[in-house]
Amino acid sequence: MSEQSGYTPTFTSSGSALRTLRTGKRNPNWKAAAEYLMERAAPDVRLLIEAATQIEMEKEGLRTDKREVVVRTATGFSWDWLKWVALGAAGLGLLALLIWILDNAALRAC
């Protein structure tokens, strides 16, 4: 009598569906109980459930965004010093090239 065998429970009352739903996700029929209650819910209750679902999705999205920012910051921070080293090396190289050009120009002028 599990969902794998294709068995779908039929509830005869909201009370039995609520009892099944209150047992939690460990009960294999909790989805069927939730669907049964959703089908019979008043429009206001459906609206409330829809709003709560949207709020939870937004909260989860914010949590995910915060994790991504932290990961990007941690990754960017670990490589940040390498960028500055490369920029400094390029600057020193260009400075050395400028000094070499000026030195050669001064030797040819003499």
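## About the model

Because this is a predicted model, local features need pLDDT of at least 70 and side-chain atom pairs count only at pLDDT 80 or more, while totals for chains, interfaces and linings use all residues. Residues are numbered from 1 along each chain as its sequence is written, and side-chain values use heavy atoms, with hydrogens and water left out.

## The overall plan

Let us begin with the big picture. The protein has 3 helices and 0 strands, and along the sequence they give the pattern α-α-α. Here helices (H or I, at least four residues) and strands (E, at least two) are DSSP runs, numbered from the N terminus.

Of the 110 residues in the protein, 11% are buried. Buried means under 20% relative accessible area, exposed means over 50%, and partly exposed lies in between, using a 1.4 Å probe and protein chains only. Among the contacts with a separation of 6 or more, 12% join residues 24 or more positions apart; a contact means heavy atoms within 4.5 Å.

## How α1 and α2 cross

Two packed helices are described by the angle between their axes and the distance between the axes. For helix α1 (residues 14-22) and helix α2 (residues 30-39), the axes come within 8 Å and cross at roughly 140°. Axes are lines fitted to C-alpha atoms, for helices over the stretch in contact, and angles run from 0 to 180 degrees between N-to-C directions. The two helices are therefore oblique to each other. On this scale, angles under 35 degrees count as roughly parallel, over 145 as roughly antiparallel, 65 to 115 as roughly perpendicular and the rest as oblique.

Which residues of α1 and α2 meet? From α1 come S14, A17, L18, T20 and L21, and from α2 come W30, A33, A34, Y36 and L37. These contact residues divide into 8 nonpolar, 2 polar and no charged. In this grouping, Ala, Val, Leu, Ile, Met, Phe, Trp, Tyr, Cys and Pro count as nonpolar, Asp, Glu, Lys and Arg as charged, and the others, Gly among them, as polar.

## The two faces of each helix

In α1, the buried residues are S16, A17 and T20. Seen down the axis of α1, they fall within an arc of 100°, so they line one face of the helix. The arc is that of the directions from the helix axis to the C-beta atoms. What covers these residues includes α2, while R19 and R22 are exposed on the face turned away from the buried side of α1.

In α2, the buried residues are A32, A33, Y36 and L37. They fall within an arc of 135° when seen down the axis of α2, so they too line one face of their helix. The buried residues of α2 pack against α1, and E35 and E39 are exposed on the other side of α2.

## Some residues to look for

A34 and A17 are 17 residues apart in sequence, and their C-alpha atoms are 7.3 Å apart in space.

Just after α1, you can find G24, which takes a positive phi of about 95°. R40 sits in the loop between α2 and α3 (43-109), and R40 is partly exposed at 47% relative accessibility. The C-alpha atoms of R40 and S14 are separated by 8.4 Å, although these residues are 26 residues apart along the chain.
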